[in-house]
Amino acid sequence: VSAEATTISEQALADLRAEIGRKRPVERAWNRGAGRDNLSHFAEGIGDLNPLWVDRDHGAASPWGAIQAPPTFVLTMGSPFASGLSGAQGFYGGSELTRLLPIYLGDRISATVELVELSERESRHAGRMFRQVERMEFTNQLGQLVATADHWALRYERESARQRAEEQQGRYQDRQLSRYTAEGIKGIDAEYARERGRGAEPLYWEEVRVGEYLPQIVKGPLRLTDIICYMMGGGSSSARGHRVSWEFRRDHPDDFTLNPQGVPDTPEASHWEPWLAERASVPGIYDSGRERLAWMGHCLTNWIGDHGWVERLRGELRGVNLVGDTTRVSALVTEKRVERGRHLVELEVWCANQLGEVTAKGEARVRLPGREAGDPGAAPELALATRKPAR
Amino acid sequence: MTETSAAERPDRSLGDKGNRPSIGAKFTDEMIASMRDRIGRKKPAHRPWNSGADIDTIQHFAEGVGDLNPLWVDEEYAAASPWERQQAPPTYLYTLGNVFGGGMGGIHALFGGTAFHFHMPIYEGDEVSSTIELADLVEHQGRHSGRMFRQVERQEYWNQHGEMVAHAEHWAMRFERDTARRRADDRQGRYDARQLSRYSAEGIKGIDAEYARERRRGAEPLHWEEVRVGEHVPQVLKGPLRLTDILCYMMGGGPGPYARAHGVNAAFRAEHPRAYIVNSRGIPDCSEAVHWEPELAESIATPGVYDFGNERPSWMAHCLTNWIGDHGWIEYLRTELRGVNVVGDTTRVAGLVTGKRVEQGRHLVDVEMWCANQLGEVTAKGEARVRLPGREAGDPGAAPELSFGTREPA
């Protein structure tokens, strides 16, 4: 979050605490609506060309009546950690999305953000550490709340951030960037070729059993090209070009660092500049982290098909995903229940890399059609056709 | 200079220049005949990044080229302007479909430039599609005695009302990969002495001061009578180029058809296996990655990653629209690329008024444009024609006839 860390003053804490519960509009959201181009840019960026997101004919014929944004599209609608805590470094930890309505093609969304929690955590390190939770709310042009998202980060004082970096160094010192043989690539290609989205055929709640594994999907081997593709769809909180970069730097002078050519660059460039990744004691550039939530969404929506609905998705990051890493996204059914007529399935979701390291863990709740009770699932009540005409 | 292979690049000549096997395809009579067959045949342009213009796609492009003119990005400001609605920057056209229509697979393509003819704005909410046709294919004899062709494509851009909003000619030189490799060797000589530029804190401060001085004319009209031949257009600065800036341009412009992720990438690679090169970690990557992977840039004898050449026309348009203000209109912009713009390069975009005339009541100004880097090298040259309001004749300029309000309801 901030490049220059010192210590966290009581005043800074008090100032930030005063923000708790104050909703403010999100500034400079990357996307403020769902047009067919930015939907497609995001879907391409995460590698999930589900026709429910990108094919207008398919969307119109689906139970929803139109194409809609993938579940994690709201991650492109503003950066949560705008509220400052000077003297602290921040590390994004994860997000929890609660989804009430689809974002349909043509919708415009306004987002708000508020600090909901700032709590001190016990730190292994010398300095203090806080957990900061920001809640975003996304409202469409009809005034309907479509989703909320809680995002959390850990904020460290400089000394503990330094110690954390040392730990990181210990953790990654023997880690080489992975290399692939032609055979290895062929095997991954075969996994891609096997990937299936369920599509129009409903998955009924009755067909699902607790303990069942969802079909895995593969992501990678990660290249800078993939990282860039995600940015092309998902945006960036601080990457700006030319004069816009100068304006941003003028307004946030502490959030820049000099590159080896002496040119100020954003710390976010650790996702594309190896010299910055090395400075963070990581052996190579790495993904944006949040994209892994989108991969979890991809795995889930492949499985539930067009009639299913992701109600909740929580993803917590556990490690970095480096260039050369290949991620498999998996999920396990942990529970089934019927709640007020809704046929629900609870899942555990995780991302693991080629070394077997879990790089993200999550939970999800999906709603499916129930065959026996004649529950058609979420689509009929949330379909485009149920909308009242705009005021 | 965007040196991206037209369809594929089968192997890399990393390092060793002795006794290299011949690479890529060779020109054949059949290939050239089938290419000539495309002349005059219109087809939809390949893989448009955008299919129209909305608040987000316009904003992303404007941010990417570093030109946050409120005429492009501020809904309310634009509504109060003579155009009555937010419009896309002129060179947004690049996002509406690939500038080359295919053909001569395996033969290298070196993008040379574009001439844009702008007929009307693309307004926020418009859907725009484009067609591409081969306009010309002319044989040239290169310095290296290799056979070369100059390929000219004509692209037309149509909005949802069936109006042609613009048309363009794009050109490229096509040569065999062996020729391309000789050119790279040649360039190696040229760039051997060239280091990536470094900046002192003072140097950055000076550049920041230039950014701070940049002015947009905005709402106050620039009248044709105020312009004099020989006058310089205020310079616009771009850079020092970082990979961050290159990515920002991609985030808005989505240039190039090959950068794709994960499963989308795997599917594309299965269809176009020769469009990929294997990187040093054994992972296939697209040839466009010369713009972001230093190892690839070095392999073609460039000292660092470099910009997408087709961003420079946007910088020229930025320079012009800053100067002409909200009442002016770019009718024509031609840009020819002359060299690469590598990370660390700082570009100044400049213009010089070369002519003034009144044509059928339109008050026109001709401008010579160029981009020059910190070494004084001209990396692009261009020409533009802008239309301004004429005070004496009471010509209000282009806006009243092209404004959003003049549109028939759909």
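## An edge-to-face pair in chain B

B:Phe404 is partly exposed, with a relative accessibility of 27%. The model is a predicted one. The ring partner of B:Phe404 is B:Tyr123; their centres are 5.2 Å apart and their planes stand at 75°, so the pair is edge-to-face. This pair links distant parts of the chain. B:Tyr123 sits in the loop between strand S2 (108-118) and strand S3 (128-141) of chain B. B:Phe404 comes in the segment after helix H11 (399-402), 281 residues apart from B:Tyr123.

B:Tyr123 is buried, at 1% relative accessibility.

## Aromatic pairs overall

Over all chains, a search of the whole structure finds 17 aromatic pairs. One of them joins A:Phe91 and A:Tyr156. Their ring centres lie 5.3 Å apart and their planes meet at 80°, so this pair is edge-to-face. A:Phe91 belongs to strand S2 (residues 88-99) of chain A and A:Tyr156 to strand S5 (residues 145-157), so the contact ties together parts that are 65 residues apart in sequence.

How accessible are the two residues? A:Phe91 counts as partly exposed at 26% relative accessibility. A:Tyr156 is buried, with a relative accessible area of 6%.

## A ring cluster in chain B

Ring pairs also build a cluster. Its members are B:Phe61, B:Tyr92, B:Tyr249 and B:Phe308.

## Charges over rings in chain A

Two arginines of chain A sit over tryptophan rings. The charged end of A:Arg99 is 4.0 Å from the ring centre of A:Trp309. For A:Arg250, the charged end sits over the ring of A:Trp246, 4.8 Å from its centre.

Technical notes. Residues are numbered from 1 along each chain as its sequence is written. Chains are lettered from A and ligands numbered from 1 in the order in which they are written. This is a predicted model: local features need pLDDT of at least 70, side-chain atom pairs count only at pLDDT 80 or more; totals for chains, interfaces and linings use all residues. Side-chain values use heavy atoms; hydrogens and water are left out. Rings of Phe, Tyr and Trp (its six-membered ring) pair if their centres lie within 6.5 Å; planes under 30 degrees apart count as stacked, over 60 as edge-to-face and the rest as tilted. Helices (H or I, at least four residues) and strands (E, at least two) are DSSP runs, numbered from the N terminus. Buried means under 20% relative accessible area, exposed over 50%, partly exposed in between (1.4 Å probe, protein chains only). A charge sits over a ring if NZ of Lys or CZ of Arg is within 6 Å of the ring centre and within 35 degrees of the ring normal.
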